[in-house]
Amino acid sequence: MDNFDNQSLINKIKYLVAENESLKERINECEFIAASRQKIIQELKLQMNENSDVKSQLDEQVMELENLQVSIDKIIAFNPGSFQPHSLQNDLSHQLIEHQQQFTYLQTQLSDLQSQLQELKNRNLLLQQQSGRVAELESLLADTEQERDEWKVLAKLKE
């Protein structure tokens, strides 16, 4: 083998070693990013569990309000006249208004929670995509390391 081929092979090996170091740095960066993303995923999962609990509570309150509305509708339909004092009808009307306001408030909270949940799902999807990219880079690094090792073996055999 002539000197030109040896120099060319040495240059290729130097290039691959430099590229390998660069890829190692990128992998370290990606591992750091993946670790921070994993932490964010855990936090998002906790938030989703909390949101689920709140949604469950809101659903129960909505059901209670609907049952109360049915009861109030029955009382109003009955229209007892002399059986109920006028103040009781006023109290029921005020309670109905309060419950309607609370129902509206709870619906708004539920809508907000659903929006937050969708945002969390979107962020989770992005994190999954980034994790896939990290795995791809790790595979590329492994391939490059294997190729480098093969070049080293070839270089030793040619010596």
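Close-up 1. Glu 21 is partly exposed at 40% relative accessibility, where buried means under 20% relative accessible area, exposed over 50%, and partly exposed in between (1.4 Å probe, protein chains only). This is a predicted model, in which local features need pLDDT of at least 70, side-chain atom pairs count only at pLDDT 80 or more, and totals for chains, interfaces and linings use all residues. Residues are numbered from 1 along each chain as its sequence is written, and side-chain values use heavy atoms, leaving out hydrogens and water. Glu 21 forms a salt bridge with Lys 24, with the closest N and O atoms 3.9 Å apart; the term means a side-chain nitrogen of Lys or Arg within 4 Å of a carboxyl oxygen of Asp or Glu. Lys 24 is also partly exposed, at 31%. Both residues sit in helix α1 (residues 3–78), three residues apart, about one turn of the helix; helices are DSSP runs (H or I, at least four residues), numbered from the N terminus.

**Close-up 2. Arg 133 with Glu 136 in helix α2.** Here the closest N and O atoms of the salt bridge are 2.7 Å apart. The two residues are three apart in helix α2, about one turn, and Arg 133 is partly exposed at 39% relative accessibility.

**Close-up 3. Arg 148 meets Asp 149.** Their side chains form a salt bridge at 3.0 Å, N to O. Arg 148 is buried, with a relative accessible area of 14%, whereas Asp 149 is partly exposed at 35%. By the rule used here, the count comes to three salt bridges.
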